Amino acid sequence: MNHRKVDQVSVLAVLLFLLAALLIRSRVESLLVQGGMSPGIAADLSYLVVPVCLAALLWPLLRHRAQLLERLFRCESVNFRTIAYAVIIGALLRLVYWAQLVVGVSIGAYSDVDAPILLRPVFYFACPDLSVLLLGFFVMSLVVPLVEEFVHRGLIQSSLDRRGPLVAIGVSSLLFAAFHRPATWGYVLFAGLVFGSLFWKTRSIWLPVIAHATTNGAAQIDWRCLRGRWNPPIEALPLWPITASALLVLALSIGGLVFILCKKMPGGKVSPRHSADHRARATRSIT
């Protein structure tokens, strides 16, 4: 079997296992809702079955791949400085999300014909019960980043390493976006490219996990605590001063991400035991 076929089978197997785990999660979520649990709590609790199902399904692939797991979870590139930069990357990604959202509303790309017209935005905080909030943070800021980074960067991107960074990062990012809601595909694709570049540069899964956890943690405040409405009338659009300000924030945020990834994040250090032809080993990593 040639290398191309081996890579395809590896990625396909991981995708099928992830899909199976998510389908099981969906079924568990439906059962919890039918049992009287609120949809929000059911969505969080049901996700806890995903890592369990993935571990069981991936075990035949990974049980003889101790070196792969060791490489993925290496800590040689992880220190206070790189952790701080990973947190900044996660925060900047959230700024990118908000900036593009404001640009979209201010030019009329995002609108809701059924919502009341509001020229000026109205926002306020109203958080749920502390137990609900903590559950959401635990699932979305810890479990989800670990699962998604391990699958999309650790397994899928690693299996495509020999094809170079453009293919490895690009394909893993596209697949990462495909497992999210269509309305978020553009932003999630961009986030996947950032996480993939961070993993490629540092060769440690921990730093993408930290960046992912940071941006998801910030998103939890939006989803669970922040309430707001802004639906300017069509005749008032575009709102050029707001658009210009949001575009500036967007450009600065993207520029900050590129600067940190290219100039501040060190390249992964390969120990002598792992120095011989990393890409050749990556091809065999999850075949």
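This is a predicted model: local features need pLDDT of at least 70, side-chain atom pairs count only at pLDDT 80 or more; totals for chains, interfaces and linings use all residues.

Trainee: OK, surface then. Which helix gives the most to the nonpolar patch?

Mentor: Helix H6, residues 130-159, which puts in 3 residues. The patch covers about 360 Å² and is made by Leu45, Leu48, Phe138, Leu142 and Leu146.

Trainee: Where does leucine 45 sit?

Mentor: Leucine 45 is in helix H2, residues 39-47. Its relative accessible area is 30%, so leucine 45 counts as partly exposed.

Trainee: Switching to rings. How many aromatic pairs are there?

Mentor: The count is 6 aromatic pairs. One of them is tyrosine 97 with tryptophan 98, an edge-to-face pair with 6.2 Å centre to centre and 85 degrees between the planes.

Trainee: And how exposed is tyrosine 97?

Mentor: Partly exposed, with a relative accessible area of 22%. Tryptophan 98 is partly exposed too, at 26%. Buried would take a value under 20%.

Trainee: Which residues do ring pairs link into a cluster?

Mentor: Tyr97, Trp98, Phe123 and Tyr187. Tyrosine 97 has a charged neighbour as well: arginine 94 lies over its face, 4.1 Å from the ring centre.

Trainee: Back to H7. What span should its 14 residues have?

Mentor: At 1.5 Å a residue they should span 20 Å, and the end C-alpha atoms of H7 are 19 Å apart, so the two agree. The step to remember is that the expected span uses one less than the number of residues.

Trainee: Which residues in H7 are buried?

Mentor: Ala168, Ile169, Gly170, Ser172, Ser173, Leu175, Phe176 and Ala177. As a reminder, an α-helix has 3.6 residues a turn, so residues three or four places apart point the same way.

Trainee: Why does serine 172 count as buried?

Mentor: Because its relative accessibility is 0%.

Trainee: Now the backbone. What's going on with phi at arginine 203?

Mentor: Phi there is positive, about 60 degrees, although arginine 203 is not a glycine. Most residues other than glycine have a negative phi. Arginine 203 lies in the loop between H8 and helix H9 (206-225).

Trainee: And what does its charged end sit over?

Mentor: The ring of tryptophan 200, at 4.4 Å from the ring's centre. Arginine 203 has a relative accessible area of 13%, so it counts as buried.

Trainee: Last one: where is the cis peptide bond?

Mentor: It joins leucine 237 and proline 238, with omega at about 0 degrees. Proline 238 is in the loop between strand E2 (226-231) and helix H10 (240-264).

How values were computed: Residues are numbered from 1 along each chain as its sequence is written. Side-chain values use heavy atoms; hydrogens and water are left out. Rings of Phe, Tyr and Trp (its six-membered ring) pair if their centres lie within 6.5 Å; planes under 30 degrees apart count as stacked, over 60 as edge-to-face and the rest as tilted. Buried means under 20% relative accessible area, exposed over 50%, partly exposed in between (1.4 Å probe, protein chains only). A charge sits over a ring if NZ of Lys or CZ of Arg is within 6 Å of the ring centre and within 35 degrees of the ring normal. Helices (H or I, at least four residues) and strands (E, at least two) are DSSP runs, numbered from the N terminus. Patches are made of residues with over 30% relative accessible area and no salt bridge: like charges are joined within 9 Å, nonpolar side chains (Val, Leu, Ile, Met, Phe, Trp, Tyr) within 5 Å. Accessible areas come from the Shrake-Rupley method with a 1.4 Å probe; for residues, only the protein chains shown count as cover. A salt bridge is a side-chain nitrogen of Lys or Arg within 4 Å of a carboxyl oxygen of Asp or Glu.
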